[in-house]
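Trainee: I should like to work through this structure with you, one question at a time. May we begin once it is displayed?

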Amino acid sequence: MLVLSVLFSLFFYLFFFTFFHSLMVLLFVEVFVLCGFLFLLFSSYSWFFVLVFLLVCVCVGAYGVSLFVSTSRSKGVDYFLSF
């Protein structure tokens with residue numbers, strides 16, 4: 001559990017106190033999802049719920065990458081502060 005709390009606090013520190021490059025934000029969201037996955041894995045949830053959570057996270061990650069590609073093609077930049 002200590003590892004999960006360290007990953008969670010690292011996620012929030014890096015998300016709120018670093019520059020907002022689009023790929024870095026997607027990476028931070030994936031680290032947050034990894035923390036949630038590890039929490040569900042180590043707690044007493046059923047395997048079916050963990051696999052459904054993982055499936056939804058993969059779909060959200062694919063959607064995030066498609067949004068990144070779409071905005072970088074239309075705007076030409078990949079920083080959130082320039083939109």
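Trainee: Leaving aside its neighbours within four places in sequence, which residues is Leu41 in contact with?

Mentor: This is a predicted model, and the answer is read from its coordinates. Contact requires heavy atoms within 4.5 Å. Beyond the neighbours within four places in sequence, the contacts of Leu41 are Trp47 and Val50.

Trainee: Is Leu41 buried, partly exposed or exposed?

Mentor: Leu41 lies in helix α2. Buried means under 20% relative accessible area and exposed means over 50%. Because its relative accessibility is 30%, Leu41 counts as partly exposed.

Trainee: How far apart in space are Leu41 and Leu51, C-alpha to C-alpha?

Mentor: Along the sequence, Leu41 and Leu51 are 10 residues apart. Leu41 belongs to helix α2. In space, the C-alpha to C-alpha distance between Leu41 and Leu51 is 9.7 Å.

Trainee: How many disulfides does the structure hold?

Mentor: A disulfide needs a pair of cysteine sulfur atoms within 2.5 Å. The structure has none. Cys57 is in no disulfide, and the nearest cysteine sulfur, that of Cys59, is 9.2 Å away. Cys59 is likewise in no disulfide, and the number of disulfides is zero.

Trainee: Which of these is the relative accessibility of Cys59, and how is the residue classed: buried or partly exposed?

Mentor: Buried would require a value under 20%. Cys59 has a relative accessibility of 48%. Cys59 therefore counts as partly exposed.

Trainee: Which residues form the nonpolar patch on the surface?

Mentor: Helix α1 (residues 2-17) supplies the largest share of the patch, three residues. Phe32 is found in helix α2 (residues 22-42). With a relative accessible area of 36%, Phe32 is partly exposed. Together having about 360 Å² of accessible area, the patch members are Phe8, Phe12, Phe16 and Phe32.

Trainee: What pattern does the protein chain follow along the sequence?

Mentor: The secondary structure comes to three helices and zero strands. Read along the sequence, the pattern is α-α-α.

Trainee: Among contacts between residues at least 6 apart in sequence, what share joins residues at least 24 apart?

Mentor: Buried residues make up 19% of the 83 residues in the protein chain. The accessible surface comes to about 6200 Å², with 79% of it belonging to carbon and sulfur atoms. As for the contacts between residues at least 6 apart in sequence, the share joining residues at least 24 apart is 53%.

Trainee: Which element of the protein chain has the highest mean pLDDT?

Mentor: For the protein chain the mean pLDDT is 76, and 80% of its residues reach 70 or more. Where pLDDT is low, the predicted coordinates should not be read in detail. Among the elements, α1 has the lowest mean, 72, and the highest, 83, belongs to helix α3 (residues 47-75).

Methods: Residues numbered from 1 in each chain as written. Predicted model: local features only at pLDDT ≥ 70, side-chain atom pairs only at ≥ 80, totals over all residues. Heavy atoms only, no water. Patch = residues over 30% accessible without salt bridge, like charges linked within 9 Å, V, L, I, M, F, W, Y side chains within 5 Å. Areas by Shrake-Rupley, 256 points an atom, 1.4 Å probe, with all protein chains shown as cover. Salt bridge = Lys/Arg side-chain N within 4 Å of Asp/Glu carboxyl O. Helix = DSSP H or I, 4+ residues; strand = E, 2+ residues; numbered from the N terminus. Buried < 20%, exposed > 50% of the residue type's maximum accessible area, 1.4 Å probe, protein only. pLDDT = per-residue confidence, 0-100.
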